[in-house]
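Have the structure open as you read.

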Amino acid sequence: ETGVTQSPTHLIKTRGQQVTLRCSSQSGHNTVSWYQQALGQGPQFIFQYYREEENGRGNFPPRFSGLQFPNYSSELNVNALELDDSALYLCASSFSGRDNSPLHFGNGTRLTVT
Amino acid sequence: KQEVTQIPAALSVPEGENLVLNCSFTDSAIYNLQWFRQDPGKGLTSLLLIQSSQREQTSGRLNASLDKSSGRSTLYIAASQPGDSATYLCAVCGNTDKLIFGTGTRLQVFP
C-alpha cells in the first residue's frame, strides 16, 4: 500500500511568484484535502476535492486553487505569493469525506516566500 | 465557530511516567475526533480516531477518551518513552468535512 506522497519537499519562491505543489493520494482513496500549517500552529483547512470537484473550502482567498485528477492525485496552486504564505503545506487523503475514515497525511511541502 | 484548544502547550517528563494531554472544543456537533502525532518538520501520523458515538479508543500504550457533551477529549500515554517525544495534535471533524485542529502539545520525554 503506497502512502501519501508530496513534492517537492522544500521550495523557495519570491513574493509575487506562483507555485504548484503536488500530491499523490494513498492507493484506494478518492478524497484529498489540503492544509496550511504556519510555524507553531495547527494545520488550517484550505480545501477538499472529491471525485475531481471542490467539496468544501476554508477561509483562504481565490489565489489558492486546486485540481484533482482522474487518478486522484492533486495539485495546489498559489498565485501572487505573499510573505505570509510561508508555511508547511500538507496533503491528506481518505476514502470519502464523510465516512469517519481517518485522514492519511503526507510529509508536506515546506514553502518559503522571500 | 468551532475552536479547539489544547493544554498544556508543552510538557517535559522523565521516561516511564504516565501522562495526559487535554483537548477541548466549543461545538459538540462533531462527527469524530482524531489525535495525531507530528515529528519536527514532518507530516501528521494518525494515532486514534473516536467516532461521535464512541467514548474511547485504545491502541497499545495510547488511550483516547471523548466526552462530546462537555466538549473534551484526553489522550493518555502510559509508560512514556523518549521515542514518544513529538507534538500531539487534536482535531475535530464537523459537518463540513474539514478537520479543525488545536495548536498542539509539544511533548519531550527525557531518559
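## Where the chains meet

Between chain A and chain B the count is 0 salt bridges, a salt bridge being a side-chain nitrogen of Lys or Arg within 4 Å of a carboxyl oxygen of Asp or Glu. Polar contacts do turn up: the rule finds 3 residue pairs across the interface of chain A and chain B, both residues at pLDDT 80 or more. Such a contact is a pair of N or O atoms within 3.5 Å; within protein, one must be able to donate a hydrogen and the other to accept it, and residues adjacent in sequence count only if both atoms are side-chain atoms.

On the chain A side, β4 (31–37), β5 (44–50) and β9 (87–94) each supply at least two of the residues that touch chain B. By class, that side of chain A has 8 nonpolar, 11 polar and 2 charged residues (Ala, Val, Leu, Ile, Met, Phe, Trp, Tyr, Cys and Pro count as nonpolar, Asp, Glu, Lys and Arg as charged, and the others, Gly among them, as polar). Chain A brings 21 residues to the contact and chain B brings 20 residues, where contact means heavy atoms within 4.5 Å. About 1700 Å² is buried between chain A and chain B, with carbon and sulfur atoms giving 48% of that area; buried area is the accessible area (1.4 Å probe) that two parts lose on being put together, summed over both.

## How to read the model

This is a predicted model, in which local features need pLDDT of at least 70 and side-chain atom pairs count only at pLDDT 80 or more, while totals for chains, interfaces and linings use all residues. Residues are numbered from 1 along each chain as its sequence is written, chains are lettered from A in the order in which they are written, and side-chain values use heavy atoms, with hydrogens and water left out.

## The sheet of chain A

Chain A has an open sheet of 4 strands in the order β1-β3-β8-β7, with antiparallel pairing. Strands are DSSP runs (E, at least two residues), numbered from the N terminus, and two of them pair if DSSP finds at least two bridges between them. β1 (5–7) and β7 (64–68) of chain A each have a single partner strand, so one side of each is left without a neighbour in the sheet. Neighbouring strands here are turned by 20 degrees against each other on average, direction ignored (axes are lines fitted to C-alpha atoms, and angles run from 0 to 180 degrees between N-to-C directions).

β1(A) is joined to β3 (residues 19–24) of chain A by 3 bridges, and the two run antiparallel. A:T5 stands opposite A:S24 in β3(A).

## The sheet and hairpin of chain B

4 bridges join β1(B) to β3 (residues 19–25) of chain B, and B:I7 has B:N22 as its bridge partner in β3(B).

β4 (residues 32–38) and β5 (residues 44–51) of chain B pair in the antiparallel sense over 7 bridges. B:Q34 stands opposite B:L49 in β5(B). The two strands, β4(B) and β5(B), form a hairpin with 5 residues between them, and B:G41 in the turn has a positive phi of about 70 degrees.

## Backbone details

Which peptide bond joins B:I7 and B:P8, cis or trans? The bond is cis, with omega about 0 degrees, and B:P8 lies in the loop between β1 and β2 (10–14) of chain B. In chain A, the peptide bond from A:S7 to A:P8 is cis, with omega near -10 degrees; A:P8 is found in the loop between β1 and β2 (10–13) of chain A.

A:Y72, in the loop between β7 and β8 (74–78) of chain A, has a phi near 75 degrees, a positive value in a residue other than glycine.
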